Amino acid sequence: MKIGFIGLGIMGKPMAKNLIKAGHELVICELKKETVEEFKGLGAEVAANPAGVAKACSLFITMVPNSPQVRTVALGENGLIETAKPGSVLIDMSSIDPMESKAIGEELAKKGIEMMDAPVSGGEPKAIDGTLSIMCGGKKDLFEKYKDLLSIMGSSVTHIGDLGAGNTCKLANQIIVACNIAALSEALMLAKKAGTDPEKVFEGIKGGLAGSTVMNAKTPMILAHNYKPGFRIELHIKDLTNALNAGHKVSSPLPLTGQVMEMMQALKADGFEKDDHSALAKYYEKLSNEKIGK
């Protein structure tokens, strides 16, 4: 299958590579010259803009930072909508405002273009090994048609509901992840300040009710002071902004989300926005004047 892929960043690049490994042809649109050359070496075609992608194929995947970028790629000047044929499909795997997913989908539908939102969770490691969790919103028959394709990039591919439901699910995911990391950092700092080895505390509780995928992934990073980004704080700020905006629109209170957002904003003010979101531990280290790890 020939697939257009727009957005070859930390997540998009390994996702696109997995599609190539599975035997699919890719048409890419990318600004970074080194990425373009890398994918040309893998056999991908290169288009100058999204409209060029839409001329070459009828299925497009986008993996871009936020709602404005998806809107520009889909509906802007030289966007997909300019040249896409009726019956074409956009699978947006970005994490954006679910209200925008619906609005963009409505505009595309006027031209006979279908859309699914299919945001992902798992970070760069799971993007590389193709084991992402993919949360899909859109028509059920469209989901069934492309489920096997999405399974190349993810080990869990779930239909959540109508268009926008995938991004609503992703926002729920991001709230839970953020609050988990904050609680984990708070607990490990308590252990350290009380004179108890945080690593031993982790070993003692990870098999119980408090244990989680988040704990298993982020505790070693916190203990090693390794904040190389798998998912940057600035991106999590973007997701929590979308969550808070969505919550306000539907009158759903999000007090914990707001608190963790302020922690992340404090880290951004200190220059740590490019760090992995596990760097929430730095917020507690600054307050406590103590390092969690050894």
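## Ends, rings and charges in a predicted model

Asn 289 lies in the segment after helix 14 (280-288), where helices (H or I, at least four residues) and strands (E, at least two) are DSSP runs numbered from the N terminus. The structure is a predicted model, in which local features need pLDDT of at least 70 and side-chain atom pairs count only at pLDDT 80 or more, while totals for chains, interfaces and linings use all residues. Residues are numbered from 1 along each chain as its sequence is written, and side-chain values use heavy atoms, with hydrogens and water left out.

Most residues other than glycine have a negative phi, and most peptide bonds are trans. With a relative accessible area of 71%, Asn 289 counts as exposed, on a scale where buried means under 20%, exposed means over 50% and partly exposed lies in between (1.4 Å probe, protein chains only). His 225 is another residue other than glycine with a positive phi, here of about 55°. His 225 is found in the loop between helix 11 (213-223) and helix 12, and its relative accessible area of 29% makes it partly exposed.

### Two buried residues

Ile 233 belongs to helix 12 (residues 233-250), and its relative accessible area of 0% makes it buried. When neighbours within four places in sequence are left aside, the residues in contact with Ile 233 (heavy atoms within 4.5 Å) include Met 264, Leu 267, Phe 272 and His 277. Between Ile 233 and Asn 289, which are 56 residues apart along the chain, the C-alpha atoms are separated by 21 Å.

Gly 4, in strand 1 (residues 2-6), is also buried, with a relative accessible area of 0%. Not counting residues up to four places away in sequence, Gly 4 touches Val 27, Val 53, Cys 57, Leu 59, Phe 60 and Ile 61.

### Rings

A pair of aromatic rings is described by the distance of the centres and the angle of the planes. Searching the whole structure gives one aromatic pair, under the rule that rings of Phe, Tyr and Trp (its six-membered ring) pair if their centres lie within 6.5 Å, with planes under 30 degrees apart counted as stacked, over 60 as edge-to-face and the rest as tilted. The pair is formed by Tyr 283 and Tyr 284, and it is edge-to-face because the planes stand at 85°, with the ring centres 5.5 Å apart. Tyr 283 is partly exposed at 22% relative accessibility, whereas Tyr 284 is buried at 8%.

A charge can also sit over a ring, which requires NZ of Lys or CZ of Arg within 6 Å of the ring centre and within 35 degrees of the ring normal. Lys 282 lies over the face of Phe 272 in this way, 3.8 Å from the ring centre.

### Salt bridges

A salt bridge is a side-chain nitrogen of Lys or Arg within 4 Å of a carboxyl oxygen of Asp or Glu, and by this rule there are 18 salt bridges. Lys 40 and Glu 37 form one of them, at 3.7 Å from N to O. Lys 40 and Glu 37 are three residues apart in helix 2 (residues 33-41), so about one helical turn separates them.

Other bridges join separate elements. In the bridge between Arg 71 and Glu 100, the closest N and O atoms are 2.9 Å apart. Because Arg 71 lies in helix 4 (residues 67-75) and Glu 100 in helix 6 (residues 98-109), the pair ties together parts that are 29 residues apart in sequence. Lys 139 forms a salt bridge with Glu 114, whose closest N and O atoms are 3.1 Å apart. Here Lys 139 lies in the loop between strand 8 (132-137) and helix 8 (140-150) and Glu 114 in strand 6 (residues 114-117), so parts that are 25 residues apart in sequence are tied together. A network of salt bridges links Lys 13, Lys 17 and Glu 38.

The table shows how accessible some of these residues are.

| Residue | Relative accessible area and class |
|---|---|
| Lys 40 | 44%, partly exposed |
| Arg 71 | 32%, partly exposed |
| Lys 139 | 51%, exposed |
| Glu 114 | 29%, partly exposed |

### Helix 4 beside helix 6

The axes of helix 4 and helix 6 come within 10 Å and cross at roughly 5°, where axes are lines fitted to C-alpha atoms, for helices over the stretch in contact, and angles run from 0 to 180 degrees between N-to-C directions. Helix 4 and helix 6 are therefore roughly parallel, since angles under 35 degrees count as roughly parallel, over 145 as roughly antiparallel, 65 to 115 as roughly perpendicular and the rest as oblique. Among the residues making the contact are Ser 67, Val 70 and Arg 71 of helix 4 and Glu 100, Ala 103 and Ile 104 of helix 6.
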